[in-house]
Amino acid sequence: MGLLSDPVRRRALARLVLRLNAPLCALSYAAGVAWFLALAFPPLTQRTYMSENAMGSTMVEEQFAGGERARGWARDFAAHRRKAGALPAAWLERAMRSVGLEVYTQSFSRKLPFPDEAHERYMVSGTNVYGILRAPRAASTESLVLTVPCGSDATNSQAVGLLLALAAHFRGQIYWAKDIIFLVTEQDLLGTEAWLEAYHDVNVTGMQSSPLQGRAGAIQAAVALELSTDVVTSLDVAVEGLNGQLPNLDLLNLFQTFCQKGGLLCTLQGKLQPQDWTSVDGPLQGLQTLLLMVLQQASGRPHGPHGLFLRYRVEALTIRGINSFRQYKYDLVAVGKALEGVFRKLNHLLERLHQSFFFYLLPALSRFVSIGLYMPAVGFLLLVLGLKALELWMQLHEAGVGPEEAGGGPESSPPLQPAQSVGLASLVAPLLISQAMGLALYILPVLGQHVATQHFPVAEAEAVVLTLLAIYAAGLALPHSTQRVVSARAPDRGWMALKLVAIIYLALQLACIALTNFSLGFLLAVTMVPAAALTKPYGPRCRLGYWPTVWCPWGCSSPGSEKLCLRPGLPMSSFLEGTALVHLLLAAVRAQPHRPQRASAGHWVRGLETTHTDLPWAQPHERHGGRQSAG
C-alpha cells in the first residue's frame, strides 16, 4: 500500500511500467504462441486413461459373426435405394421387423433459407426409420443409439447392412440393461436433427416433423457409423461437435481400446498415430494433428451426426470407415466386433459419463492435453491486453510524466495536462453503438435476406452479402462519429480512455469465448491482440481503424450452417465475435488533436476484406499528404 500511496514511489512505478511495457507485451505474446506449439510435446501432453470404473476393463468376449449377412443386407439396401431414388423406408421397416425390433417411422420437412445447389429446391423432406430393442433386464429408463446417416450423395449402404446385422445379433442376447435404438436417417444432418428434436419434444430450428410413436429411455450415449466400402483399412474418429463441443474423453478412450484389442487401425483427423514420442518426429506429427483439430473446432460446425447429439447432453462419436491405407484390410466382422464391445461396456454404465474430461485437445488418440495445460496459451495472449490497459491507466493518472521520464524517445506521447478530465458518460455511446453493430452482424443478414428478396430482384445469397456490406459501410463511420462524441476539451485523454475500456472489454470477451471454444478464442486472440496493442490513440494524423470492420466475424453462423438448420441453436458466440471486433475497431482508432477544420474522408485508410480463418496481421498504413497548419 505504501508503494501506491507514496507519490514518489508511484511515479517511479509508472516510469518502470511505461518503459518496460513494450518488451513485456512482446515477450508475453511470444510465450503464448510458444506455449501453444509446445502442447504436442510430452511434457505437456499426457497419456489417455479410463476414468469411469464401469468401463475400465475390456474383458468381454465379442461374438459377432454376421459379416456375410451384413453384406447381403447392404446389397439389398443399395438396390432398393437405386430403384426408389430415396431412402427405402418400407424395405427398412420390413428388415427391422424381421430381426425382432419395434419399428417406427418419422417424416420431416425443412424450408431452406437458400436453394439446394444440387436440386434447386427450397423444401427438403425425408423419412427417418428407427427400431427399438427393448432391454429384457430393465424398465426402459435408459437407452443407447446406433445411427447411420444417409445423405443424398453417399448411400452408406455398408453401414446400414452392418446396423441390421448388429441388431439381429443383439436381439439374441439377454444381458442388455438398456434399450438400444437403431436409427437410419435421411438427408444427413437434417434427419438427425429432426429425430432428436422430436425425441426430446423441442423445436429449436423450425423443423416440421411428425411426432414419434415409439420412445425408449433417456439416451446415455450414441455412435454414428459411416462406411463407404465393405473393405475397411482404417477407422477415423470425429469428435468435434456444434460450436466446438466435445464428447467425454472416456467414450473416445473406450473405442480406441477396443480397436487396439481387435487390431484395428484407428486414425484421428485422417492421420496415423505417432509411434515414437521420444524423438522429434512423433511430437511434430502430433502437432499437425492438433492444428487440424483446432481449425475444425474453431469453425463451430459439427463434423458428423454426433455433433447434434452433444447439444442434448448425449455423449457421441462419429466413426468413418476409410479405404486408404492398403496394407491394412478389415472386413465388417472386425468392425462389428469393435462396436459390440463398445455397446456392451456402455451397457454397464450406472450413470452418465462425467468423470473424464470434456475440454481437451488431441495430438493423437493415445495422447491428450487437458484444459489446465492449454489455457495458459490464451492467458499469455490476454496478458498483452492487460499490460496495455495498465499502461493507458498509468498515462491517464500520471499526468506529469513526460516522454523523458517515461523512458520514451522523441516519438513518445506528449505529456498530458493534469487539468484535463474525461467523463465516463462520453464513452457510453460508442460502447452501445459497438454492441449494436455486433448484434446486427448476428441477426440482420438473415432478416435482411427476406426483405431484400421481396422488394428487389436479387437472389438469397446476394441479399445476405449486400446486407453484410451495408453493415460494414455503416461501421466505417464509427470512428469518425466516435471522435465527435469524445470530449472536445481533452481529445487525447478521451481516446485513451476509450481504448482503455475497449481493450478491457475485448479481453473479457476473448476469455469467455476461449472458455467455451478454446480453438476459436485462441485464433481470434492471436490475430486481434497485436492489432489492439500496436495501435495508439494519439500521435500524428494517421488512422488505422478500418481494417477490423471488414473481418468476417460470423464463422459459426455461415449460410452453410443455415442450410443445415443449425444456426437457431447456436449460442451468442457469433454475437460476441462481432462485438469484440467492433471493440477492436474502437481500440485501433488513432485520434488527432481537436481542430475546427472539418475532417475529410481521406483521413481514413481502407482495410482489407478477409475471413476470420485467414488470420491476417494488422499492417499499419499512413496517409501521406500535406501538412495542415496548427490552427
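Reply: Strands are DSSP runs of E, at least two residues long, and helices are runs of H or I, at least four; both are numbered from the N terminus. Two strands pair if DSSP finds at least two bridges between them. The model is predicted: local features need pLDDT of at least 70, side-chain atom pairs count only at pLDDT 80 or more, and totals for chains, interfaces and linings use all residues. Residues are numbered from 1 along each chain as its sequence is written, and side-chain values use heavy atoms, without hydrogens or water.

Start with the sheet. It is open and has three strands, in the order β1-β12-β11. Their pairing is antiparallel.

Now the helices. Contact here means heavy atoms within 4.5 Å. Angles run from 0 to 180 degrees between N-to-C directions, with axes fitted to C-alpha atoms, for helices over the stretch in contact. Helix α8 (residues 281-299) packs on the sheet and touches β11 and β12. Its direction makes about 140 degrees with that of β11. Helix α11 (residues 371-397) lies across β1, β11 and β12. Its angle to β12 is about 60 degrees.

Last, an annotation. An unreviewed UniProt entry marks several stretches as "transmembrane region", including residues 357-385. UniProt annotations may be inferred rather than shown by experiment. In the model, residues 357-385 are 52% helix and 31% strand. The end C-alpha atoms of that stretch are 30 Å apart.
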